[in-house]
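Student: Hi, could you walk me through the aromatic rings in this one?
Tutor: Happy to, let's have a look together.

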Amino acid sequence: MPDPAADFRLDPRYVAGLAAFNRGDYQLAIAAFKAVIATHGQRREGLKAHLHLIKAYAHTHQWQEAIDLCQLLARSPLPPIQAWAQKHLPELERCLDEEPTSPHLEFVPTPSSRPPIQLRRVPRLYLWLSQGATLLLIAWLLQKPLQGLIASLLSYPNDQLMLLRGWEGVIAWFLLGCLGVGLLSGGSWFWSWRLRTCYGLRPVSLGELEEYSPETVTLLGRLQWSWWQPRPQVGCLVTAAPIIFSYGRWQPRIIVSEGLLRSLSSEELLALMASEIAQVRLGLNTLVTPLVLLLQLPYDLYCWCSRWGDRLAPPYGKDWGAWFVKGVAYLLCALVSQSSYLLFRGLEMLCFSSNQLRQSYSDRHGAALISNPNTLVMAWFRLMEATATTARAQGEIGAPLESLRLLLPLNPTQAALWGDQPLDWPTLIRWDTAHPLRYWFRLTSSHRPLGLRLQALMTDARQWGLRPLLSLPTLSSPRCQRAGQQLAPFWGAIAGVIMTIILTSIGQFALRAGTIASPLWWLADGSTLVRSFISIGIGLGLFLRFNAYYPPRQPQTYTLGQLLYHPLALPLDSTVVKLEGVLCAAKGLRNGLGQHLWLDTKAGLFPLRCYRSWGSIWPLLEPAYLKNLGGRSLVIHGWFRRGTVPFVEVKEWHTLDQQHQRSWAAPYWAIAIATLWILYGIMTLLGWL
């Protein structure tokens, strides 16, 4: 009979259970296989878990449980499963007859039933400083345009407004202060109103919650609550996306979605709820939730303008008057929507550092509440699978997951990628924890690296007397031969700074030397030199790594596990891949910059990046192109980029019938960007800018 795990790729809990089974941790394997069976029942995934569950029962001498399952499989309509069960059933019955003691093992309480772990109090000063600095930085960035707007309003000839001229900066800071106080004090109300308006938020009673997870209700009743730490209320969003997050300090709320409740087992839901309860009790979301609430304004504007723009998208027919009016309105909607999206992503990136620090606290305290880090890891695996299922069904991760990214337990884009197939988790952990450039990759990561979080939880499991769910790799940081080439633009900028210091010193000496050194006086202008030489250094650095980024090799077919296997992988390794699958893409202006492109292959989901000769705005200028390709199979050649969220930079694609074929201009844009950096530096140096 073929190996039952040979083609299994849907449920990460099955992979974790199989790993536990292979290393002899049969109790953990039994729990994992039971969770898979509770979800998939008698479908293919559930039957495979049944087979290994019988083996795990046999290894732990639970003969009666193994016999009951084997008798169930003996009545299966599938001939291979039936034959396997009929073959092994006599052996199990013989073992039961020969067992000298009771066939049932002594009941061993699950780790989740243990009392909460008492953790040593860790000062959260760095977290408050990080979130406070992020809040001030965003306020400073918003203050400049707000001050300009106030100045333009006060420029009108009005005697009363004339008294306020010169106070534009003070007025701008006062308004931002009022906005901050309003978000901190009334943030819970604003959140509830928005979620109720956009996603149909409804309250969830303890009785309803008990139907999904009785352990969660028990945990809420076991903890002590007070006026300083009121018990959080639970709400549910009417969406299939797996969502869970919390907000509010004096009126705390824990929000889940119907998709999450349908996807998780009771213990997995308990683990995720425990993390949110820990955040509420520790006040970890006090500052981040107002910031995320503020980010919803540009994101809602992006969605609203995208919907209106889609109604005005071409073709317009032959009426030139309607063509002009609708065309101008469409371009206006496109400009506002994509500018709002870029503003949303830019402000979101400012919160990355504080968000990663917040998760280091919530993971450990959430695991301590249930006394089992392994259960939290299993819940993450299941959350990844549910996110991947949502991405496959919608063709994108969707607006709820994207707009609430910072508050979610996992980065939804990474979760959709990781949750669609079995992966070598020790290798991923090593890449996140021991890669020489791991700190650089974290700068563009919305969440703490998953490998680092898994490593911390597995270390806690060992310290708390539990067998870790995942084996930890060695923590030695190997030398990466191409790290310097990957950071070539950075080193170019450093070289520009050094050159500026040297030349500025010469210019300062020329000022003091008198007329004999007058031709070198212009070198004393340090601000001009630093802008020019840094720009030239960045451009030269981009050119130095161009050949590595776009090698002329023949494409080959890989799985994601094979592409992620190398622990020292870099974006410039540029594995040339050939993929075949169905294009999944958001339609219309929501994908106006090509930000929501996925390829659904047999090996899993792959994010795509495409650039035309006019850049990434090709969906704006060709709104009907993605509609024509929707649901069609494509063959894609491109370069695989390893990062915290890997993606494929597309070189060319074509449909199987060759009716749609297109080459993409990523290398040309790389050359153009490097050239523009150098030209800007030269023109600045010559005084033309």
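**Aromatic pairs and a helix**

Tutor: In this predicted model, the count comes to 22 aromatic pairs.

Student: Nice. How are the rings of Trp431 and Phe441 arranged?

Tutor: Trp431 and Phe441 are stacked, at 4.9 Å centre to centre with 25° between the planes. This pair links distant parts of the chain, with Trp431 in helix H19 and Phe441 in helix H20, 10 residues apart.

Student: Is Trp431 buried or exposed? And Phe441, buried or exposed?

Tutor: Trp431 has 2% relative accessibility, so it counts as buried. Phe441 is at 12%, so it counts as buried too.

Student: What about Trp653 and Trp664, what kind of pair do they form?

Tutor: An edge-to-face one: 4.9 Å centre to centre and 75° between the planes. Trp653 sits in strand S9, and Trp664 is in the loop between strand S10 and helix H29, 11 residues apart. Trp653 and Trp664 are buried.

Student: Back to H19 then. Why is helix H19 described as largely enclosed?

Tutor: Because 8 of its 10 residues are buried, helix H19 (residues 425-434) is largely enclosed by the rest of the structure. Among the buried ones are Trp425, Leu428, Ile429 and Trp431.

Student: Which helices do the buried residues of H19 pack against?

Tutor: They pack against H16, H18, H20 and H21.

Student: Switching topic: which charged residue lies over the face of Trp308?

Tutor: Arg311, at 4.6 Å from the ring centre. Arg641 lies over the face of Tyr550, at 5.1 Å from the ring centre.

Student: And which residues do ring pairs link into a cluster?

Tutor: Tyr299, Tyr302, Tyr341 and Phe344.

Terms used:
Residues are numbered from 1 along each chain as its sequence is written. This is a predicted model: local features need pLDDT of at least 70, side-chain atom pairs count only at pLDDT 80 or more; totals for chains, interfaces and linings use all residues. Side-chain values use heavy atoms; hydrogens and water are left out. Buried means under 20% relative accessible area, exposed over 50%, partly exposed in between (1.4 Å probe, protein chains only). Helices (H or I, at least four residues) and strands (E, at least two) are DSSP runs, numbered from the N terminus. Contact means heavy atoms within 4.5 Å. Rings of Phe, Tyr and Trp (its six-membered ring) pair if their centres lie within 6.5 Å; planes under 30 degrees apart count as stacked, over 60 as edge-to-face and the rest as tilted. A charge sits over a ring if NZ of Lys or CZ of Arg is within 6 Å of the ring centre and within 35 degrees of the ring normal.
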